[in-house]
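Subject: Structure handover

Hello,

Here is the structure for you to look through. My notes on what turned up follow below it.

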Amino acid sequence: MGEETAPDDTSAGAEAARFVVGSKIWVAHKKAAFAAAEVTAVQDNGETIEAILVDPKGDEKVLIPAKECFPREDDEEKDPKDDMVKLDHLHEPGVLHNLKRRYVRNAIYTYTGTILIAVNPFIYLPGLYHPQLKSQYRNVPLGQLSPHVFAIADHAYRSMREAGRSQSVLISGESGAGKTETTKLVMEYLAGAGVADKAAAAAAGAAGAVGMGGGRRGRRGGGGGGEVGVPAASTQCVERVLESNQVLETFGNAKTMRNNNSSRFGKFIEIHFDKEGRVTGAAIRSYLLERSRVVQIGSPERSYHCFYQLLYGATPEEAEKFSLPTEGERAQNFYYLSQSDCYELPGKNNNAMEYERTRAAMNVMGFDPEEQVGIFTVVAAIMHLGNLDFTQPEATEGGGEQPPLVAKNDKAEAAVKTVARLLECDEAALWESLVTQTRKFGREVIKSPLDPKKAVAKRDTLAKFLYSRLFDWIVSKVNESIGQDPNPASIIGVLDIYGFEHFEVNSFEQLCINLTNEKLQQHFNSHVLKQQQEEYESEGIDWSRIEFVDNQDVLDLVEG
């Protein structure tokens, strides 16, 4: 056989040479991103294309450089492709059009090879995650059934079992893309995969024993609870892995502009397995908690769920202990929460119901009553801390040093007393720490008074520090409760990082978050686009090269 050579130019511009009158193409469109069009004339030796728009419907004619046109498949009578590699033309408008056609059919999942693309429907789709679907996707090769998150989770699990190597599932996307829910679905599938395998094997063994007349049935290897043939310890570990989601979401998730339950921290979840594929432990590594959300939010966003759950779900005894209001729009009584007028989540269980679910999950996770009280004591203290406000008294007629700051009003005076009581610290010492700055020069310690603006900044720093330490402790407690296997046979890691966002004012914290997303994008570019295209070229495959924005220059700028 003769050796094939790659075409000299595989860009969209090379495709333009094939355009003739009547060719179906995609052209850029201000409102629709890309519009379907049909070539009516070819000018300037093929350099310029005259076309009439087909969709959006109308008789609008456009004149566009040929290199900016993309060939369009005449596929409206055919079903959209469930795997993008099956497209005749793998370019941006073709990909978007295929995803759109599947989306309107409620097919929110689409493959691109071994990558699963999910388009968030923002509504509940009945039957999409039915328990029976898990068994349908179990032990089925990737791509044999319709695209689904269960297929990806099963592929990772089977690869781990068959190759004996640890696996990772990377979940990325912009804010509101559905990463948090996808992470939970992957965890749910992986946690139950080993249980299902072992139970099926045990059931088959038991059936065989009965068939031989032995009549031997019952549980093996465990003291009680759980599936047939599955140790109770493994079942309890699976239960705690799943319940950890409720606890972590309560303290690490919040409502944003795009998402009612957005993760405001990154996490890498390691699920540990033994040689038989059963879950033996797990570990959660958290990073980049959005601390600024504790003290600053904009409407219609919310702070972390835990504040609203406690405020609207606390029992009368808890409300009295934490000095919480019990009537009206309770969040309006606290500065940190009243910056937004959103207190309830649309289309979700109310705050009181979620509070009950959180406390129930904490019980399953092994948080004892004293620890739970301690957690919500700190949450309440942070709410009251935001009500501390300061004012500068006027200097005396004789001049001299500026008098120290005092509480701005009765509400601020009450707040400092409540915070000191809840945190079990001296009230005077707490106030002094907020209104003065301490500097050390050698052995000499100098205290200087702060103005109201700097005192507020110090108050907010304390609130962020308290919440950050509380969150770290909760993650540590969750890991302790689940239990980590010090010597797992294999691990499947699930990475969930909250998405790229851009605000009017972006903190250093946001820069770190966005940099992480840029690194993930570069990883995707390298492993999916660059390497795959280089492989196609080395094999001499005739195909349309995918043009993409390489963000390496952004990384070099920030990291250089």
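Asn45 sits in the loop between strand 2 and strand 3. Strands here are DSSP runs of E with at least two residues, helices are runs of H or I with at least four, and both are numbered from the N terminus. Phi of Asn45 is near 55°, a positive value in a residue other than glycine. Asn45 is exposed, with a relative accessible area of 84%. The classes are: buried under 20% relative accessible area, exposed over 50%, and partly exposed in between, with a 1.4 Å probe and protein chains only.

Before going further, the ground rules. This is a predicted model, in which local features need pLDDT of at least 70, side-chain atom pairs count only at pLDDT 80 or more, and totals for chains, interfaces and linings use all residues. Residues are numbered from 1 along each chain as its sequence is written, and side-chain values use heavy atoms, with hydrogens and water left out.

**Around strands 2 and 3**

Strand 2 covers residues 33-43 and strand 3 covers residues 48-55. They pair in the antiparallel sense over 7 bridges. Pairing means that DSSP finds at least two bridges between two strands.

With a relative accessible area of 39%, Ala33 is partly exposed.

Both strands belong to an open sheet of 5 strands, in the order 4-3-2-1-5, with antiparallel pairing. Strand 4 (61-65) and strand 5 (70-71) stand at the edges. Each has a single partner strand, so one side of each is left without a neighbour in the sheet.

**Two hairpins**

Strand 11 (residues 266-273) and strand 12 (residues 279-287) pair in the antiparallel sense over 8 bridges. Phe273 has Val279 of strand 12 as its bridge partner. This hairpin has 5 residues between the strands, and Gly277 takes a positive phi near 85°.

Strand 15 (residues 436-441) and strand 16 (residues 444-449) are antiparallel as well, with 6 bridges. Here Phe441 is bridged to Glu444 in strand 16. The hairpin has 2 residues between its strands. Gly442 in the turn has a positive phi of about 65°.

Which residues does the side chain of Glu290 contact? Arg264 is one, through a polar contact of 2.8 Å between side chains. Arg293 is another, also at 2.8 Å between side chains. A polar contact is a pair of N or O atoms within 3.5 Å; within protein, one must be able to donate a hydrogen and the other to accept it, and residues adjacent in sequence count only if both atoms are side-chain atoms. Glu290 lies in the loop between strand 12 and helix 7 (305-313). Glu290 is buried, with a relative accessible area of 5%.

Pro300 is in the loop between strand 12 and helix 7 too. A cis peptide bond joins Ser299 and Pro300, with omega about 5°.

**Helices**

Tyr355 is part of helix 10 (residues 351-365). At 4% relative accessibility, Tyr355 counts as buried. Tyr355 and Thr250 are 105 residues apart along the chain, but their C-alpha atoms are separated by 8.6 Å.

Helix 14 (residues 452-482) has 31 residues. From its first C-alpha to its last it reaches 45 Å, close to the 45 Å expected at 1.5 Å a residue. That expected span is 1.5 Å times one less than the number of residues. At the start of helix 14, a side-chain oxygen of Asp451 comes to within 3.1 Å of the backbone nitrogen of Lys453. Gly483 follows helix 14, with a positive phi near 90°.

**A last stop at the surface**

Which residues make the nonpolar surface patch of about 500 Å²? They are Phe508, Leu511, Val554, Leu557 and Val558. Helix 15 (508-538) and helix 16 (552-559) each give two or more residues to the patch. The largest share, 3 residues, comes from helix 16. Patch residues have over 30% relative accessible area and no salt bridge; like charges are joined within 9 Å, and nonpolar side chains (Val, Leu, Ile, Met, Phe, Trp, Tyr) within 5 Å. A salt bridge is a side-chain nitrogen of Lys or Arg within 4 Å of a carboxyl oxygen of Asp or Glu. Accessible areas come from the Shrake-Rupley method with a 1.4 Å probe; for residues, only the protein chains shown count as cover. Val558 lies in helix 16, and at 37% relative accessibility Val558 counts as partly exposed.

Best regards
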